[in-house]
Amino acid sequence: MADTTPNGPQGAGAVQFMMTNKLDTAMWLSRLFTVYCSALFVLPLLGLHEAASFYQRALLANALTSALRLHQRLPHFQLSRAFLAQALLEDSCHYLLYSLIFVNSYPVTMSIFPVLLFSLLHAATYTKKVLDAKGSNSLPLLRSILDKLSANQQNILKFIACNEILLMPATVFMLFR
């Protein structure tokens, strides 16, 4: 009988995988925290005052994820115009700025959906990798949920795009209000 305890071969493979990919694991954990905080904002189970706090936490966690991703893409910081131009071409820089813009504003539900859904998609992808490192047959229910999420990835990305398109005029309207 094979040892399937967390300290056994399957658990050791997942832990070894996560220790080998520390930066990716840190981004995975921050994305899971983003999903958690976003869900508690969208579904205010702890009250409206707490929901606003979870809104800020979700955006700050997303800013952390974006900063880590930007560091991963541009590891050597230089105070130059060329470096800034290269950083501004990265999507992670756009989402870092996005999070920093909305973190101190009044909570806008539309602004949390792209953060929530991108974090959910990326966390699901890395969770699959962790489960693969743990063993090909580990946690079949979770794998099935992740497979359904992956199957709907294109629809989720279309929803995010529409949300961001509608968010722009809403933000301009909020500025003049």
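I take partly exposed to mean a relative accessible area between the 20% limit for buried and the 50% limit for exposed. Leu139 has a relative accessible area of 45%, so I log Leu139 as partly exposed.

**Entry: Leu139 and the α6 end**

I am working from a predicted model. I found Leu139 in the loop between α6 and α7. Its phi is positive, about 45 degrees, although Leu139 is not a glycine. I then checked the residue just after α6. That is Gly135, with a positive phi of about 155 degrees.

I also looked at the span of α6. The helix has 26 residues and reaches 36 Å from its first C-alpha to its last. That is close to the 38 Å expected at 1.5 Å a residue.

**Entry: confidence**

I looked up pLDDT next. The chain mean is 88. I noted that 94% of the residues reach 70 or more.

**Entry: salt bridges**

How many salt bridges does the structure hold? I count three.

I took Arg73 and Glu90 to begin with. Their closest N and O atoms are 2.9 Å apart. The pair links distant parts of the chain, 17 residues apart. Arg73 sits in helix α3 (residues 48-73), and Glu90 sits in the loop between α4 (81-88) and α5 (91-102). Are the two partners buried or partly exposed? Arg73 has 44% relative accessibility, so it counts as partly exposed. Glu90 has 14%, so it counts as buried.

Next I took Asp147 and Lys128. Their side chains meet at 3.5 Å, N to O. Asp147 is in helix α7 (residues 140-151) and Lys128 is in helix α6 (residues 109-134), 19 residues apart. I logged Asp147 as partly exposed, because its relative accessible area is 46%. Lys128 is partly exposed too, with 24%.

Then I took Asp132 and Arg143. This salt bridge is 2.9 Å, N to O. It links Asp132 in helix α6 to Arg143 in helix α7, eleven residues apart. Arg143 has a relative accessible area of 16%, so I put Arg143 down as buried.

**Entry: nonpolar cores**

I looked up the largest nonpolar core. It has 24 residues. The residues with the most contacts inside it are Phe41, Tyr55, Leu59, Tyr98, Phe102, Ile112 and Ile156. Helices α2, α3, α5, α6, α7 and α8 each supply at least two residues of this core. Which helix gives the most? It is α6, with six residues.

Leaving out residues up to four places away in sequence, Ile112 touches Ser38, Phe41, Val42, Tyr55, Ala58 and Leu59. There is also a second, separate core of seven residues. Among them are Ala63, Phe83, Cys93 and Leu96.

**Entry: helix α2**

I checked the span of α2 (residues 22-42). It has 21 residues and reaches 30 Å from first C-alpha to last. That is close to the 30 Å expected at 1.5 Å a residue. I listed its buried residues as well. They are Thr25, Met27, Trp28, Ser30, Arg31, Thr34, Val35, Cys37, Ser38, Leu40 and Phe41.

**Entry: annotated spans**

I compared the model with the UniProt record. The unreviewed entry places the feature "transmembrane region" at residues 28-48 and 95-121. In the model, residues 28-48 are 76% helix and 0% strand. The end C-alpha atoms of that span are 27 Å apart. Residues 95-121 are 78% helix and 0% strand. Their end C-alpha atoms lie 15 Å apart.

**Entry: Asn163**

I closed with Asn163. It is found in helix α8 (residues 153-176). Is Asn163 buried or exposed? At 7% relative accessibility it falls under the 20% cut-off, so Asn163 counts as buried. Beyond residues up to four places away in sequence, Asn163 touches Met110, Phe113 and Pro114.

Conventions
Residues numbered from 1 in each chain as written. Predicted model: local features only at pLDDT ≥ 70, side-chain atom pairs only at ≥ 80, totals over all residues. Heavy atoms only, no water. Helix = DSSP H or I, 4+ residues; strand = E, 2+ residues; numbered from the N terminus. Buried < 20%, exposed > 50% of the residue type's maximum accessible area, 1.4 Å probe, protein only. Contact = heavy atoms within 4.5 Å. Expected span 1.5 Å × (residues − 1). UniProt positions renumbered as here; feature names shortened; annotations may be inferred. pLDDT = per-residue confidence, 0-100. Salt bridge = Lys/Arg side-chain N within 4 Å of Asp/Glu carboxyl O. Core = buried A, V, L, I, M, F, W, Y, C linked by side-chain atoms within 4.5 Å.
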